[in-house]
Amino acid sequence: MTLAAGRWTGLLLLAACAAPDPAPVAVTRAYAFAPPTTSEAAAYVDLHNPGGRADTLLAVSTPAAGGVMLHRSVAAGAMIRMEHVDVLPVPAGEVVRMEPGALHLMLPGLHHLPAAGDTLELVLTFRTAGQLPVRAPVIAYGSEAPGGTP
């Protein structure tokens, strides 16, 4: 190998090591049901992490409610209870799907009652990806969600 070829090989290796990871976590689906009560709503998002490193959802906020809590529905005998989730790992190369009866975002203390056709503004905060603004369309309660999940 000549000296010039060795330099090019070294530069190419250096460039490959410095290549950025694929895009950070992205939301590939978001929606909320029009709430059947006046005090809280539920929202759902799919988190896609195409990168080579895991990330973690640390917090979610919205101007539409007094707060946002991440919950997981858990069967307890004949009852279903909601269990608080502090942080949500989003593994590299995977999709974490929120849906009714499983992971979901609870929005307690609604400032106004969202109706089908409205949009909820959410901000998801990740450890690595930072803040990600998301628009979640509000659909009629009980109707089929985007992607075919009722």
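A pocket, as the word is used here, is an open set of grid points where a 1.4 Å probe fits, with protein on both sides within 12 Å along at least five of seven lines. The structure on display is a predicted model, and the tour begins with the largest pocket, which holds about 260 Å³ of space.

**The largest pocket.** Select P36, A42, Y44, M106 and Y141; of the 15 residues that line this pocket, these are the closest to its centre. Next, colour strands β2 and β8, each of which supplies at least two residues of the lining. Strand β2 gives the most, with four residues. By class, the lining comprises 10 nonpolar, four polar and one charged residues.

A search of the whole structure finds four aromatic pairs. In the pair formed by Y31 and F33, the ring centres are 5.6 Å apart and the planes lie at 80 degrees, so the arrangement is edge-to-face. Y31 counts as buried because its relative accessibility is 0%; F33, at 8%, also counts as buried.

Now move from F33 to Y44. Their ring centres are 5.9 Å apart and their planes lie at 70 degrees, so this pair is edge-to-face. The pair links distant parts of the chain, with F33 in strand β1 (residues 26-33) and Y44 in strand β2 (residues 40-49), 11 residues apart. Both F33 and Y44 are buried.

**A contact across the sequence.** Select A145, in the segment after β10 (130-139). A145 has a relative accessible area of 3% and is buried.

In soluble globular proteins, nonpolar side chains tend to be buried together. Here, the largest nonpolar core has 37 residues, of which L47, M98, L105, L107, L122 and L124 touch the most other members. The elements giving two or more residues to this core are β1, β2, β3 (55-61), β6 (88-90), β8 (103-108), β9 (119-126) and β10. Strand β2 gives the most to the core, with six residues.

Finally, centre the view on L105. Leaving aside its neighbours within four places in sequence, L105 is in contact with A41, A42, A43, V60, V68, M69, L70, M98 and L122. Among these, A42 also belongs to the selection with which the tour began, the residues closest to the centre of the largest pocket.

Technical notes: Residues are numbered from 1 along each chain as its sequence is written. Side-chain values use heavy atoms; hydrogens and water are left out. Rings of Phe, Tyr and Trp (its six-membered ring) pair if their centres lie within 6.5 Å; planes under 30 degrees apart count as stacked, over 60 as edge-to-face and the rest as tilted. Buried means under 20% relative accessible area, exposed over 50%, partly exposed in between (1.4 Å probe, protein chains only). A nonpolar core is a set of buried Ala, Val, Leu, Ile, Met, Phe, Trp, Tyr and Cys residues joined through side-chain atoms within 4.5 Å. Contact means heavy atoms within 4.5 Å. On a 1 Å grid over the protein atoms alone, a cavity is a set of points where a 1.4 Å probe fits but cannot get out, and a pocket is an open set with protein on both sides within 12 Å along at least five of seven lines; lining residues have an atom within 4 Å of a point. Grid points are joined across faces, edges and corners, and a volume is the space filled by probe spheres set on the points. Ala, Val, Leu, Ile, Met, Phe, Trp, Tyr, Cys and Pro count as nonpolar, Asp, Glu, Lys and Arg as charged, and the others, Gly among them, as polar.
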